[in-house]
Amino acid sequence: MKDEGIVVKILMPKEDNTAHDTFKTFYQVSKKLDSPNLPKFKTVDGQEVFNFKIKGKPFVQYGMEQLHPLKPGSLDEYVVWMLADLSAKQLNWDKALELFKKEDPKYSKLLAQNTSKVDEYKILYNTLRKLHKIGNSKGYGWDPHTENVMQRNDGTLVITDPWA
């Protein structure tokens with residue numbers, strides 16, 4: 001729904017409980033956690049969550065803010081890959097940042113040139129750690145990657161679907 005600035009996420013029939021259950025949990029967690037890195041859910045036809053049927057099969061639709069893909073090869077894209085992996089290890093931020101800087105000199109240099117981004121990445125990392133812990137407790141697979149993290153117009157990285 002481009003004109004309204006809304007993305008509609010439609011999940012397969014409820015018989016496919018894995019996809020629906022993981023995203024439903026993510027929706028609920030996103031509403032509770034206070035993080036700029038979680039999506040804003042929007043109403044579509046007066047509802048954020050809408051159940052409907054196609055040929056008798058139930059589907060669920062969620063309205064979400066419109067976001068943009070990460071630029072391929074960007075520092076943000078690289079950071080998402082690195083922080084998603086590191087967050088699964090539940091390291092504190094200082095240790096994660098130390099490992100991140102050692103991983104690739106090219107991106108370490110970019111990070112040093114963009115010190116204002118470090119605080120943003122710390123918030124993203126801590127949000128990823130919380131989501132990993134929640135998902136792990138429910139038996140969900142960890143799945144944040146550059147198609148499951150997108151950006152707002154202001155550049156904020158937003159996690160859109162962290163669990164498989």
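**Contacts, burial and helix packing**

Student: Which residues does Glu-48 touch, not counting residues up to four places away in sequence?

Tutor: Glu-48 touches Tyr-27, Lys-31, Phe-41, Lys-42, Thr-43, Gln-61, Tyr-62 and Gly-63, where contact means heavy atoms within 4.5 Å. This is a predicted model in which local features need pLDDT of at least 70 and side-chain atom pairs count only at pLDDT 80 or more, while totals for chains, interfaces and linings use all residues. Residues are numbered from 1 along each chain as its sequence is written, and side-chain values use heavy atoms, with hydrogens and water left out.

Student: Why is Glu-48 called buried?

Tutor: Buried means under 20% relative accessible area, exposed means over 50%, and partly exposed lies in between (1.4 Å probe, protein chains only). Glu-48 has a relative accessibility of 18%, so it counts as buried. Its place is in the loop between helix H1 (17-32) and strand S2 (49-54); helices (H or I, at least four residues) and strands (E, at least two) are DSSP runs, numbered from the N terminus.

Student: What makes the pairing of Glu-48 with Lys-31 a polar contact?

Tutor: A polar contact is a pair of N or O atoms within 3.5 Å; within protein, one must be able to donate a hydrogen and the other to accept it, and residues adjacent in sequence count only if both atoms are side-chain atoms. The side chains of Glu-48 and Lys-31 make such a contact at 2.9 Å.

Student: Is Ser-87 buried or exposed, and how do you know?

Tutor: Ser-87 has a relative accessible area of 0%, and therefore it is buried. Ser-87 belongs to helix H2 (residues 75-88), and a polar atom of its side chain lies 2.9 Å from the backbone oxygen of Ala-84.

Student: Why does Val-7 count as partly exposed?

Tutor: The relative accessibility of Val-7 is 32%, so this residue counts as partly exposed. Val-7 is found in strand S1 (residues 6-11).

Student: What is the angle between helix H3 and helix H5, and what is it called?

Tutor: H3 (residues 93-103) and H5 (residues 115-137) pack at about 115°, with their axes 11 Å apart. That makes H3 roughly perpendicular to H5, because angles of 65 to 115 degrees are given that name, whereas those under 35 count as roughly parallel, over 145 as roughly antiparallel and the rest as oblique. Axes are lines fitted to C-alpha atoms, for helices over the stretch in contact, and angles run from 0 to 180 degrees between N-to-C directions.
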